[in-house]
Amino acid sequence: MKKIGIVLQQFPVPSETFIVTKVLNLIQQGFEVTIFATTKSKHWNNYKMLMNRKDVKNSIVTSVFRFRGSKFIFVFASFVAVLKSFMFYPMMTFRLLRNTIHYSKITGLSTSHQFLHQLMFVGKHIDILHIEFDFQAYGLVELKKFLKCSIVVSGRGSIASTSIPSRFPNFFHHLFSHVDHYHFISQYLLNASILSGLPQTTRISLIEPAIDLSLFCPTERRQNKLIKIVTTGRLVWAKGYEFAIDAIAMVHHVYPDIQYEIIGSGPYKDAVLYAASQHNLINSGVVSLKGEIKREEVANYLQDVDLMLHLALDEGFCNAVIEGQAMEIPVVCSDSGGLPENIENGVTGIVVPRRDARAAADAVIKLIENPALRIKMGKMGRARAIAKYNIHDQGVKFTEMYQSI
Amino acid sequence: MKIILLVGKFPQLSETFIIRKASGLAQAGHEVLVMSRRRGDKNIWKSFTKNFKVEYLAVEAGPISITDLSWTLYRLLFYSLLFPFRAYKLFQSCSNEGSLKLGFKKYIKYLPFINKNKFDILHAEFLGLGVSYFFLKSFMGINYVTSCRGSDLHLVKISSEEKRENYALTIKSCDMVHCVSDEMRECVHQLTARTQNVIVNRPAVDEASLAYRIETINQIPQLISIGRLEWIKGFDYLLKSYAILKERGLSFQALIIGGGSLYKELKFSIEDLNIQDRVKLTGPVYHNEIKKIIRQADIFVLSSVDEGISNAVLEAMAQEIAVVSTMCGGMPEVISSGIDGLLVPARDPFAMADAITYFLHSPGMRKTMGKNAKNKIEQDFTIARQIQVFENSYKNLLS
């Protein structure tokens, strides 16, 4: 079977559960999987499906940057790693050094940094190197010749949230000229990459992420006195929380019996809290920030939610609204990026213009006033999630993709 | 009087009012010492006269330059020897800190104040600093003054219980509280029920910038906004307003001046809203150049969701520029809506778009309101008055 290397920053991370399911599935299919992570993850114990999976744990290789916390230890660890590499794989390490020096002239990245990062690939035999986040690809696609492997890169919308393309003018050209197969999770991201100059010759597949439908499954819907509206997502600018709070304030004006909860943590917390307190929604208990909830408990939490709100300003693909649909929750979302593909407008939810609190409020009010429509949209959402985002189909598509390379 | 002004970074672009206050007080014959936690941008000095002393503190954590390190070593050696009793007193209170590391950090932090006993007043210019250095009130037995300038106090509402109590304690027990607006005083009252020795001293504009106005004629109306690119300045709402204006077919050019953590996000939004032909982000700009840019503008827009009193708005009003501002913090104390500017509710892009449309349609009204605005600044917001108020209230505190 083919040997697949999966490159990411950490494994596992709570917001990237789809990768865990994917890896487990690939192992089950008989692929030999190695995971290359930049740093170590602290979240191992949060995953029930990874318990007693020593094989997965052993297949993880981490770079020396996991020691970056302390300067002294980092220098020492790097020294040991370089020495070890030269001792066990002298030729290969030498080739890597040459490769890095050659490419760092082209990419403009620091040679020593690149060499230390790529050191974890020495001595590994891989047929396919899958870089899961395209912002990491710059500086790793150069390994193509060195490892004699095919390069697969996933477009998950992570580039947009970094400053990398603006720092390196050569970014897209360099990336696209090395990638053999580009995987996108939404049509929106595919189109965006074509606009950035993705050549016609690069092979493309569009595989939408799957979710665990047995976990995200509505059991008994608890009845609330208040209409419970929820957003799940990190507290960052891109999620457009300020507009969501404004919309909730407008809804609260008409229907005081609502409750809005936000699941997630992040740097934008002050902005969100302040917006809510300015609208007098904190002390009255209408808006509450619940902080982060473990992945396994999110499904349970969603059991009694009546409505999901997601007014992102910048979103490549939104797992949260898919999970909402799977839980039979109608969704009101903005028309940013991939969101209009993530739900079916008028069927499983309502799409409103982004940055428009009034339109969002109107959509929410429409759903509050019409419980039958909420139930109907919820049921359609579940059906859509089963049809489009099931793990089985995703696994089959990935297997096909890897076999076609 | 001998006065210490305690600041976070000095000199700093967004805080030139500290320089003006220090040199104003020094001109009035007082001894002023600015103590700053970090070194700022020296270039800012060029346009100011320096008639007061500046001393840099050793920062307890984080990277430290060679200069700061040698100062700290110098203090450790000589201050401890020259002032043995006070050094011992400080050492004693540090030994209660628990761990050796924490105790040493505290010792380093307060060591620079050990030879400042001749000073009468210590004014922490920002609430956060006031809370952080509150130990000095009892240690030095000095008259401790702290400033509430806006967001620092407003954001206490949403912070943790512990932080709120900490802030309340400082505000309650310091000798004098300086607020930049009546609204701020109300906030102090709400948090601590304190009314004694709470003074309101609004920010001010340099006489020099009032002195002249270049009459510029723009074919296309120029809109400008100034502020750090952070959520508190509400630029997301502003961009939405500009998109509404473009949709209405109005022609204008807008500048947003300032740097900050949301630069990339706002740039994305400008392209996303398809207003890149109307709106430009300049990044950070020097104070002197900001004045030049303000002079060439037709309308100044403040979109903040929170503010004490915006210095930039005062500056614009002094230049006879029509101002559209959100109703936040102390702004209603500066602008009488419809007379010397327009006020709109915060977080309401449509209301803001309407106000700007009104100004775009009537240049006459812009002129009238600009004139009124300048009159108001000349009457109520001059540096001379601001320094007078500080001087008097310091005197009252000492008598």
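Colleague: What are the ground rules here?
Modeller: This is a predicted model: local features need pLDDT of at least 70, side-chain atom pairs count only at pLDDT 80 or more, and totals for chains, interfaces and linings use all residues. Residues are numbered from 1 along each chain as its sequence is written, chains are lettered from A and ligands numbered from 1 in the order written, and side-chain values use heavy atoms, without hydrogens or water.

Colleague: How many helices and strands are there in chain B?
Modeller: Chain B has 18 helices and 13 strands. Both are DSSP runs, numbered from the N terminus: helices are H or I with at least four residues, strands are E with at least two.

Colleague: Why does the radius of gyration of chain B agree with a compact globule?
Modeller: The radius is taken over C-alpha atoms, and the globule rule is 2.2 Å times the number of residues to the power 0.38. For 399 residues that rule gives a value near 21 Å; chain B has 23 Å, so the two agree. The C-alpha trace of chain B spans about 75 × 45 × 45 Å along its principal axes.

Colleague: What makes a residue buried or exposed?
Modeller: Buried means under 20% relative accessible area, exposed means over 50%, and partly exposed is in between (1.4 Å probe, protein chains only). In chain B, 55% of the 399 residues count as buried.

Colleague: Why is A:Phe133 called buried?
Modeller: A:Phe133 has a relative accessible area of 9%, so it is buried.

Colleague: Which kind of aromatic pair do A:Phe133 and A:Phe135 form?
Modeller: Rings of Phe, Tyr and Trp (its six-membered ring) pair if their centres lie within 6.5 Å; planes under 30 degrees apart count as stacked, over 60 as edge-to-face and the rest as tilted. The search of the whole structure finds 29 aromatic pairs over all chains. One of them joins A:Phe133 and A:Phe135, with 6.3 Å centre to centre and 45° between the planes; this pair is tilted.

Colleague: Why is the pair of A:Tyr274 and B:Trp231 called tilted?
Modeller: The ring centres of A:Tyr274 and B:Trp231 are 5.8 Å apart and the planes are at 50°, so the pair is tilted. This pair crosses between chains: A:Tyr274 is in helix H12 (residues 269–278) of chain A, and B:Trp231 is in the loop between strand S8 (222–226) and helix H11 (235–247) of chain B.

Colleague: How do you know whether A:Tyr274 and B:Trp231 are buried?
Modeller: A:Tyr274 has 3% relative accessibility, so it counts as buried. B:Trp231 has 13%, so it counts as buried too.

Colleague: What makes the peptide bond from A:Phe11 to A:Pro12 worth a look?
Modeller: Most peptide bonds are trans. The bond from A:Phe11 to A:Pro12 is cis, with omega near -5°. A:Pro12 lies in the loop between strand S1 (3–8) and helix H1 (17–29) of chain A. In chain B, the bond from B:Phe10 to B:Pro11 is cis, with omega near -10°.

Colleague: Where is A:Asn52, and what is its phi?
Modeller: A:Asn52 is in the loop between strand S2 (32–37) and helix H2 (54–58) of chain A. Its phi is near 60°, a positive value in a residue other than glycine. Most residues other than glycine have a negative phi.

Colleague: Why is A:Asn52 called exposed?
Modeller: A:Asn52 has 78% relative accessibility, so it counts as exposed.
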